[in-house]
Amino acid sequence: MQARLNQGLPTRLATSLSITALSVVSAALMLSATPLMAQTKAPAKVAANAAAPAPATAATPAAPAAAKLVPAGSDITFTFKQMGVPVDGHFKRFDAQLAFDPKKPETGKVSLAIDLSAATLGDPAFDAELVKPEWFNTKKVPQATFQSTAIKALGGGKFEATGKLSIKGQVRDVVVPVTLAQAGGTTTATGVVAIKRLDYNIGDGEWKDTSMVANDVQVKFKLNFTGVGPL
Amino acid sequence: MTTVRPSLKPVRRRYDGVAMLLHWLLAVAIIGAFCMGLYMTGLSISPTRLKLYNWHKWAGVTILALSALRLLWRLGHRPPADLPMPAWQARAAHLVHGLLYAAFFAVPLSGWAYSSAAGFPVVWFGVLPLPNLVAPDKALAATFKLAHEWLAYGLAALVLAHLGAVVKHVVLDRDGLLQRMLPGRA
């Protein structure tokens, strides 16, 4: 299943349609093969899938239902210090895919792709600087990605997603604390990850001096999803 | 031993030590911050530029604090009496002094407000975060930038007028005006 923020390219649409078709087939197979799983709402869901223009699909029976990212209200920001002065920035374009059942967190998966060329510090002069090779080098690696490898529950709506964070071609293991809150069918995932910019060569060359730009960067996220099961 | 104190205090001919210290300290700081401001705004983004901007802000806040101290001191301590000069010149001198004091506050405050409006809070010496004077706002930032720039040029013009008057007194009048702001015996 897929939840995409950026508008689907024709190929992407085709892919997702073909995946839809596959899933309908596999769901049908699943229904006939495993009657136990065909309880309650499953048939209705399949019908909805077949009717919807570009819905999500689950390729493997074990994967939880995919959620859909709601761009409105979702935000990924970052904060660092420049000679003691906190500087805030945010990413204007990103794309999250989530397949997660709060009741079975270990089966969940989350991935995130952030368009680094759409990073902004709120000042055109600084933004022009951010895309340069010393900083994000967006010509070479346009996206930062996170791919979870394990999710575990900590209780009370809190979870921990372990995974690989890749920026500028540098990959590091990170542990992301996530708090989920649900209201009116929307699930909001929030959290903060502390990273070291130099781990990813962000601010290379003369910018390596951490007395100028601190090594610590806080990345804060708030992602709204629909289609996540109840907590 | 007892000494007989004169019944009349001698007429003060010089500023007191604290006034002199603050005068010269601020003279150096203000000229330094002004030159830094002229230079740094022409630089493209680099660590040097960011460093200078921060130093400039730290200097500005220091100037503001010292100016507040100086004003309080000035209000509590009478300066020496005017040297003999035409009344219009004395009035002009007092006017320039008054405007200088106003600029000592207006220039750093407009810079601080500019930084606040631009979304960059001032952290004094990289340690003490100062409150934002105004909320971040791009249009307001542009206004304060302009105000800061012109107030700084205004202060520079006042300093030049001040220096011009000193030169006049030293070279033309030879009335010992400069000695009032220099340490030495009364």
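Student: Which helix of chain B gives the most to the nonpolar patch?
Tutor: In this predicted model, helix α4 of chain B, residues 138-173, gives the most, with 3 residues. B:Leu146 is found in that helix.

Student: What makes B:Leu38, B:Leu146, B:Trp150 and B:Tyr153 a nonpolar patch on the surface?
Tutor: A patch takes residues with over 30% relative accessible area and no salt bridge, and joins nonpolar side chains within 5 Å. Leu, Trp and Tyr are on the list of nonpolar side chains, so these residues can be joined in this way. Together, B:Leu38, B:Leu146, B:Trp150 and B:Tyr153 have about 450 Å² of accessible area.

Student: Why is the meeting of A:Asp115 and A:Arg93 called a salt bridge?
Tutor: The term requires a side-chain nitrogen of Lys or Arg within 4 Å of a carboxyl oxygen of Asp or Glu. The whole structure has 7 salt bridges over all chains.

Student: Which parts of the chain does the pair of A:Asp115 and A:Arg93 link?
Tutor: A:Asp115 lies in strand β4 (residues 109-115) of chain A, and A:Arg93 lies in the loop between β2 (85-91) and β3 (94-99). These distant parts of the chain are linked by residues 22 apart.

Student: How are two packed helices described?
Tutor: The description uses the angle between their axes and the distance between the axes. In chain B, the axes of α2 (residues 47-76) and α3 (residues 87-117) come within 9 Å and cross at roughly 145 degrees. The crossing is left-handed.

Student: How many residues of the contact of α2(B) with α3(B) are nonpolar, polar and charged?
Tutor: The contact divides into 10 nonpolar, 3 polar and 3 charged residues. Among them are B:Leu64 and B:Arg70 of α2(B), and B:Phe105 and B:Ser115 of α3(B). Leu and Phe count as nonpolar and Arg as charged, so B:Leu64 and B:Phe105 fall in the nonpolar group and B:Arg70 in the charged one.

Key. Residues numbered from 1 in each chain as written. Chains lettered and ligands numbered in written order. Predicted model: local features only at pLDDT ≥ 70, side-chain atom pairs only at ≥ 80, totals over all residues. Heavy atoms only, no water. Patch = residues over 30% accessible without salt bridge, like charges linked within 9 Å, V, L, I, M, F, W, Y side chains within 5 Å. Areas by Shrake-Rupley, 256 points an atom, 1.4 Å probe, with all protein chains shown as cover. Helix = DSSP H or I, 4+ residues; strand = E, 2+ residues; numbered from the N terminus. Axes fitted to C-alpha atoms, helices over the stretch in contact; angles between N-to-C directions. Left-handed = near helix turned anticlockwise from the far one by under 90°. Contact = heavy atoms within 4.5 Å.
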